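Please keep the sequence and the model open side by side while reading this note.

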Amino acid sequence: MSHARAEGRKQKPVNKMSTITVPAHAISVSDDVEQLRKAFSGWGTNEGLIISILSHRNAEQRKQIRETYASTYNEDLLKSLDKELSNDFERVVHLWTLDPSERDAYLANEATKRWTKSNQVLVEIACTRSAHDLLLAKQAYHACYKKSIEEDVAYHTTGDFRKLLLPLVGTYRYEGNEVNMTLAKTEAKLLHEKICDKCYNDDDLIRILATRSKVQINATLNQYKNQFGKDINKDLKEDPKDEYLSLLRATIKCLTYPEKYFEKVLRLAINKTGTDEGALTRVVATRAEVDMKTIKEEYQRRNSVPLEKAIAKDTRGDYEDMLLALIGCGDA
């Protein structure tokens, strides 16, 4: 124990598209754990202290905090947080504190249990994560739920939704930069034929989206636009109210322009009458350490308002403070 207390943590460089700020100096894990325990002690909870620690620690540091907290107090930090916090603030802190693969497993499990045709969370996880991160999420799903994500998706979804989602969550895409231009031209033509014939659930259309590498899909969709003069997602807007087509468009956007997909989720979450806190929380918690800088730029470009201003206008209190800290706009 004394060794753990004395040992500081080396700082790993933060992903340049991340918006979280991590202290430049090494911080003792046991100091963080002690401070968090203090935040739960006495009358009331010190939410500010919780935010100041957890929002400024990267995934590896948060993992070490959870492990040390469990060994020191014989209790899972998440359970302590859940007991002390509530509502949207509890949700964002809980999601943020989870290991990224556990978080994806948790969100995927929620999405299958509460499955609705308009739910795009499974597509989000399957198509915006790297092949390795999706594999880690599937392994975490096994560990947490004692079954596979594939069997839950297959059990809870039906028809065309199942036909699309099952190969998407089951894939392990190649991640190299090689592009086969002949194949891109051929498959662009094939996609166009299927879409013109309104065969939106065609086996080959789904095969291309579910198995090709992201760079290959990008090349194919560029060919599609060059050959047929229209973005593929415009051709998939035949019926804007069709939820399967909406899922298909989300799949394509997640695979090709994730920042545009997430910007739209945020725009719809914040601009509705009444904020969709679930979507807002999910995007901030899952993207802060990945590509939130790019998403913020896209949000500013699309809405002419900084994301932090939109969040501050629509949220309050500790929840607002935590969100702003994660997108790099809170007090350090």
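1. K163 is partly exposed, at a relative accessible area of 33%, where partly exposed covers the range between buried (under 20% relative accessible area) and exposed (over 50%), found with a 1.4 Å probe on protein chains only. This is a predicted model, in which local features need pLDDT of at least 70 and side-chain atom pairs count only at pLDDT 80 or more, while totals for chains, interfaces and linings use all residues. Residues are numbered from 1 along each chain as its sequence is written, and side-chain values use heavy atoms, with hydrogens and water left out.

2. The side chain of K163 forms a salt bridge with that of D203, at 2.8 Å from N to O; the term stands for a side-chain nitrogen of Lys or Arg within 4 Å of a carboxyl oxygen of Asp or Glu. The two partners come from distant parts of the chain, 40 residues apart, with K163 in helix 11 (residues 159-170) and D203 in helix 13 (residues 203-211). Helices here are DSSP runs of H or I with at least four residues, numbered from the N terminus. D203 counts as exposed, with 53% relative accessibility.

3. A second salt bridge joins the side chains of E187 and R212, with 2.7 Å from N to O. Because E187 belongs to helix 12 (residues 181-196) and R212 to the loop between helix 13 and helix 14 (214-228), this pair ties together parts that are 25 residues apart in sequence. E187 counts as buried at 3% relative accessibility, whereas R212 is partly exposed at 24%.

4. Elsewhere, salt bridges with shared partners connect E187, D204, R207 and R212 into one network, and the count for the model comes to 21 salt bridges.

5. The largest pocket has a volume of about 1300 Å³. A pocket is an open set of points, on a 1 Å grid over the protein atoms alone, where a 1.4 Å probe fits and protein lies on both sides within 12 Å along at least five of seven lines; lining residues have an atom within 4 Å of a point. The volume is the space filled by probe spheres set on the points, which are joined across faces, edges and corners. Of its 42 lining residues, Q120, A250, K253, Y261 and K264 are the closest to the centre of the largest pocket.

6. Which helix gives the largest share of the lining of the largest pocket? Helix 17 does, with eight residues. By class, this lining has 14 nonpolar, nine polar and 19 charged residues, where Ala, Val, Leu, Ile, Met, Phe, Trp, Tyr, Cys and Pro count as nonpolar, Asp, Glu, Lys and Arg as charged, and the others, Gly among them, as polar.

7. The second largest pocket has a volume of about 730 Å³, and of the 30 residues that line it, S130, D133, R287, E289 and V290 are the closest to its centre. Helix 7 supplies the largest share of this lining, four residues. By class, the lining of the second largest pocket has 10 nonpolar, eight polar and 12 charged residues.

Conventions
Helices (H or I, at least four residues) and strands (E, at least two) are DSSP runs, numbered from the N terminus.
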